[in-house]
Amino acid sequence: MGREYVLNAIADIEELAKQKGLDCFPTIFEFVDRDLMLEACSYGLPARARHWSYGRSYQHQKLYGEMGFSKVYEIVFNNNPAYAFLMNTNTDIVNIMVGAHVLGHNHFFKNNVMFKNTDRNMIFRAAERARRVDKYIEDLGLDKVEHLMDVGFALHHHIDWHKGVFRKKYPKKSVIKNTYKPGEFDDLLKFGKSKERCVKYRTIGEKLPPHPEKDLLWFLTNYAPLEDWEKDILEIIREESYYFYPIAITKIINEGYSSFIHAELMNEYDKISEEEFLEFAKVHSGVVSPGQKFSINPYYLGFKIFTDIKEKWDKMHERGESNITGIQKVIQVANEEDDASFLRNYLTKELARKLGLFNYGYKHKRKPNDENKNIESKYGIIEFKDRDLNKIIENILRPTFNYGVPLIQIVEVDGDSLILRHTDTTDTLDVKYCTKTMEYIYELWGGNIELHTHDNELNEIVYYFDEGGFSIL
Amino acid sequence: MTDFADAWAFPRRGKRDSARHAERVKKAIRENLRDLVTDASIISSDGKKKIKIPMRYLDNYRFKHGDNKNTEGVGQGDSTHNPGDTIAHDGTGEQGGDNKSGDQEGEELYEEEVSMAEIIDMMLEDLGLPWLEKKDSAVEIETENIKFTDISEIGQLSNVDKKRTAYENMKRNAKTGTGNAKIKNIRPEDLRYKVWEIEKEYHSNAAVYFLMDRSGSMDDDKKYIAKSFFFWLAHFCRTKYNHVELIFIAHDTVAKIVPEKDFFKITNSGGTMCSSAYLLALEHIEQNHPPDMWNNYVFAFSDGDNFSSDNKKCISTVQDLLEVCAAVGYGEIDIDSFFGYSGSYHWSTLHDEFSKSIDHPRFLTASVQRKDDIYDCLKQFLGIETHE
């Protein structure tokens, strides 16, 4: 019983996992108390630059944190080696189950395509950064550093995933000479001289930015007049944001897969007593319980889809229609998909029907930009809409689409002014928040800020922020 | 195997950062007192309730969509419904999915609750009844003051004495190494804390008269302003002083002493003769609160649309009141006139009359044009530095 027992059991289970085809980073398990666990959950990393918002989340976690819909905590960090926390107040069998669950996450981190370029040394890097930030706080004062972090966190979800964390600055203004061989029909098009047609001059770097820029923090750290410490802090926030992005867009598939894996492994592991197995079954059913009528547990949804995949591919394999087995297919899916493609490819009509999924809406819609957000205007009467699968998927994915933020791009630098454009038409912007965020950008940029957006009828409106403050044109 | 708790050598940050968050909540309240002072949900509360501070003062700001996007979600259940069927009401269906499906959305659930008493403390901590004098009397009013009286090596971080800490630090630095008395590497052993004692200060009796115009021209907006002011004044008097008598007088052409609970529910009608209220206050003072034993305060609110024939009488009564009072305050609510033609036909308001005829340091006037001015008005009346 106790630590040794748990760790030995997890080691056995890791062997089972390997046989099934899982491929994990080595995992270091730590037994921690509830407080440290809560801290890790609210900071997202064991040591991370301090900020009051983690404190708020810590307090919140203290009241409501949970794994799925049961009161079990687990946390594992995407790192090589992976670090996982087990709560020392959990029973042994729960910690063994958490260990099996962690192996699922670990495989997912190592093999899922979205995580390919993530920083596998983040735990240590973040700790080192936290020390650096502490030093800034010591030298410059908490208020100053904290304010800059507020600014950073206001913009940190506006990333450009495809351009990546590490980017070069745009090319400086220069004329590029392109020469090319005369084409077959060039002589038909030319009028007079022939050689000049083969040389083309192209000016680059004339416009800043050369193309609309999605990565707001990257642009500002590189092109706004900032001090070194400011650049450093914003860059820290930006890099951590890239680190967390794959986690945000794989919540359902990652939790679903890990729950599926822990169930498979625990079912096969035969060194536990009947009582322990019964306790495991209870806790497991809590973790993958459906949730409430209007809020679906991601652990449950993902688990159900993976169970469905395994059944189907096992049958197909039996019939000789597939050369891979169910579990092989499950691992393949876990390696290749994110939440969006996972739901689109594997949440079938039949399964959605079986799970009873439906779309709902509010009869009394909230007024856009309603100043007093009291309950009456926020929630009206909830009405049943339909069971349309595409809409179901869209509604499930919406909160994480574009990292949960509106699409905002920097389109032009015009003199001192920075011009931004809000490009999605799904909704208007919250003006109160917009004002404050534009003020933050104004502080960094040191010149006027202009934001083109639209009202409910999609008519263009322009927000300004200059030394006189916020105004609407 | 290493243990994180040791290996990372980081102090536990959760508690420290949540304390910092709590500090920010307080700061946000302070910065938004102007709004909160006129917040209807506070004015109508019973003073014991916890009030919720709107999130918009405390959030991590960012670009955020308006509200439309949350109007659809996914639920689960097998029962057959037709599109448009009502399946739940407000509270029963918590907003779908949001609180579980992502940290970003979850943030919106944070709300801060603060008790009424705490807010009043924050608002009114620097204020006091002006020109309060010690008078010979049987009943005394007392106030509690916190005074820092000593320095200690242990204490709460919020009470760090920066000067002494810096001094200790320099002393230690001077002792070690190069002998330079510089401020650097402040260590726990350098910290010095202030130690406080609660001092009771005794004052003489005080009586505060609340005079409100309830005439026909005091429409809802104006009454709201007057009532907000009196609400905070009443809370202020009760929070800050243990023994203080409050007298509520409402008037149109005649004045009447009313119980407190009726005072805040008063409706409007009739003409305006402000002198009636001042006279009633004067009589009450003369009968019950002789100035040699009492600190008397009269605070009146009106829109200044007084019968012009009555203005003279007002002036003389106020002058009489000043003889028996520590201070007389008059607030005039100067929002769009009830009659709507004040722009073209402007008659002299009571405020103008007062300022022409009364020049007394303890006669305080204020003009309130917007709800936002109430906080300034409170500061103007109660924030006077009069202590020797």
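Predicted model: local features only at pLDDT ≥ 70, side-chain atom pairs only at ≥ 80, totals over all residues.
You can find B:Asn185 in the loop of chain B between α8 (162–175) and β6 (193–203). Its backbone has a feature to look for: phi is positive, at about 45°, although the residue is not a glycine.

A:Asn402 is not a glycine, yet its phi is positive, about 50°. Follow chain A from α17 (389–397) towards β10 (408–414), and A:Asn402 lies in the loop between them. Is this residue buried, exposed or partly exposed? With 17 other C-beta atoms within 10 Å, A:Asn402 is partly exposed, because its count falls between the cut-offs of 12 or fewer for exposed and 20 or more for buried.

Loops of chain A also hold cis peptide bonds. One of them joins A:Asn80 and A:Pro81, with omega about 0°. A:Pro81 sits in the loop between β2 (75–77) and β3 (82–87). Another cis bond runs from A:Leu208 to A:Pro209, and here omega is near -15°. To find A:Pro209, look in the loop between β5 (199–204) and α8 (216–223) of chain A.

Now step back to chain A as a whole. Its domain assignment includes domain 1, made of residues 3–112 + 250–304, and domain 4, made of residues 305–400. Where these domains of chain A meet, 17 residues of domain 1 are in contact with 17 residues of domain 4. Which helices supply at least two residues each to the domain 1 side? They are α4 (92–111), α10 (251–268) and α12 (298–318) of chain A. Helix α10(A) gives the most, with 6 residues.

Finally, trace helix α9 of chain A, residues 228–248. This helix has 21 residues and reaches 30 Å from its first C-alpha to its last, close to the 30 Å expected at 1.5 Å a residue. Among the buried residues of α9(A) are A:Ile233, A:Leu234, A:Ile236 and A:Ile237, and the list also includes A:Glu230, A:Arg238 and A:Glu240. What covers the buried residues of α9(A)? The cover includes α5 (122–140), α6 (142–155) and α8 of chain A.

Terms used: Residues numbered from 1 in each chain as written. Chains lettered and ligands numbered in written order. Helix = DSSP H or I, 4+ residues; strand = E, 2+ residues; numbered from the N terminus. Domains from an automatic or database assignment. Contact = placed C-beta atoms within 7 Å. Expected span 1.5 Å × (residues − 1).
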